[in-house]
Amino acid sequence: METEKRTQKSAEQTVTRDLSEQIKEVTKESHVRAENTELMLSFQRGQVTLQQYKLLLCSLYEIYQALEEEMDRNSNHPAVAPIYFPAELARLKSIEKDLEFFYGPDWREKIVVPAATQRYSHRLRQIGKENPEFLVAHAYTRYLGDLSGGQVLGRIAQKSMGLKSANGLSFFTFPGVSSPNLFKQLYRSRMNSVELTEEERNGMLEEAVRAFELNIQVFDGLQKMLSVPGNLQQQSSTNSKAVHSKTLQIPGTISPMLRMILGLFVALAAVVGLYAL
């Protein structure tokens, strides 16, 4: 299997490095592929519509529901316990608040996700039962990405979409984390301290690659949904009094380099998680 060969080759090259560095190394190729999907390119150009953002929230809800339920259930597992920080990192309740803002009190009835999102959620539940240590790979790539620059992105989104308050942007805030940089250092240190056999470590590295592959499939699935007029009509008709349908634009007063970085962060932090290490 090509994915396994790439993972094994990269793992051999990074055998003396920390697990966090190994994950970063083995996912480089998949990371680039994720950045260059059609949907992600639209994010990088700062052309994210409210409909896209709402659809992404729907998929985030399904993904985080599976991830956090499995993290909770395996919180005492020797690999999961060191990086289990529900008070600081849990996203599900925040996403629920955002969905209620955009869709109203009956938002659960309006959740629409592509089949790829369901496959991703299924994988999370599967490893939660069969290989709980693999949850570390998913938690690491998601949470540290969400934590990187979330407050800045939230302010940009609020201004760009014309929101009068921070309602609808709870996903980007981490009130339990006073210093993101210090917390990320703690998280990496905890994760690197997890004792793994060679087989378990290789399996975790392969799972990190799989996480990106699953997310690429989610990107493609969301893009297909967005290309169907019926889906866009459904999205734009919800909670129209609270928010007008606008394109999420990165403000033009910032430098081109910062514009590119923020655009890229919108793309990956929204679905994959850009782990700024």
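How many aromatic pairs does the structure hold? And what lies around them?

Modeller: Happy to. This is a predicted model, in which local features need pLDDT of at least 70 and side-chain atom pairs count only at pLDDT 80 or more, while totals for chains, interfaces and linings use all residues. Residues are numbered from 1 along each chain as its sequence is written, and side-chain values use heavy atoms, with hydrogens and water left out.

Now to your question: the structure holds eleven aromatic pairs. Rings of Phe, Tyr and Trp (its six-membered ring) pair if their centres lie within 6.5 Å; planes under 30 degrees apart count as stacked, over 60 as edge-to-face and the rest as tilted. Helices (H or I, at least four residues) and strands (E, at least two) are DSSP runs, numbered from the N terminus.

Tyrosine 53 is buried, at 7% relative accessibility, and phenylalanine 172 is buried too, at 6%. Here buried means under 20% relative accessible area, exposed over 50%, and partly exposed in between (1.4 Å probe, protein chains only).

Another pair has an edge-to-face arrangement: the ring centres of phenylalanine 101 and phenylalanine 102 are 5.1 Å apart, with their planes at 70°. Phenylalanine 101 counts as partly exposed because its relative accessibility is 21%, whereas phenylalanine 102 is buried at 1%. These rings belong to one aromatic cluster, formed by Tyr53, Tyr64, Phe101, Phe102, Tyr143, Phe171 and Phe172.

Rings also meet charges here. A charge sits over a ring if NZ of Lys or CZ of Arg is within 6 Å of the ring centre and within 35 degrees of the ring normal. Lysine 54 places its charged end over the ring of tyrosine 103, 5.3 Å from the centre. Likewise, the charged end of arginine 91 sits over the ring of phenylalanine 174, 3.7 Å from its centre.

Next, the core. A nonpolar core is a set of buried Ala, Val, Leu, Ile, Met, Phe, Trp, Tyr and Cys residues joined through side-chain atoms within 4.5 Å. The largest one has 62 residues, and Tyr64, Ile95, Leu99 and Tyr187 have the most contacts inside it. Among the elements that give two or more residues to this core are helix 2 (19-26), helix 7 (92-103), helix 8 (115-130) and helix 12 (198-226). Helix 5 gives the most, with 13 residues.

Let us follow one of those core tyrosines. Contact means heavy atoms within 4.5 Å. Apart from its neighbours within four places in sequence, tyrosine 187 is in contact with Ile83, Phe85, Leu89, Ala139, Tyr140, Tyr143 and Leu144. Tyr187 is also one of the buried residues of helix 11, which are Phe183, Lys184, Tyr187, Arg188 and Met191. Seen down the axis of helix 11, these buried residues fall within an arc of 135°, so they line one face of the helix; the arc is that of the directions from the helix axis to the C-beta atoms. They pack against helix 2, helix 6 (86-89) and helix 9.

Helix 9 is largely enclosed by the rest of the structure, because 13 of its 13 residues are buried. Threonine 141 and serine 20 lie 9.5 Å apart, C-alpha to C-alpha, though 121 residues separate them in sequence.

Serine 178 counts as exposed, at 79% relative accessibility. Its C-alpha atom is 9.5 Å from that of glutamate 88, 90 residues away along the chain.

Finally, the wider setting. The protein chain has 14 helices and two strands, and 55% of its 277 residues count as buried. Among its contacts between residues at least 6 apart in sequence, 84% join residues at least 24 apart.
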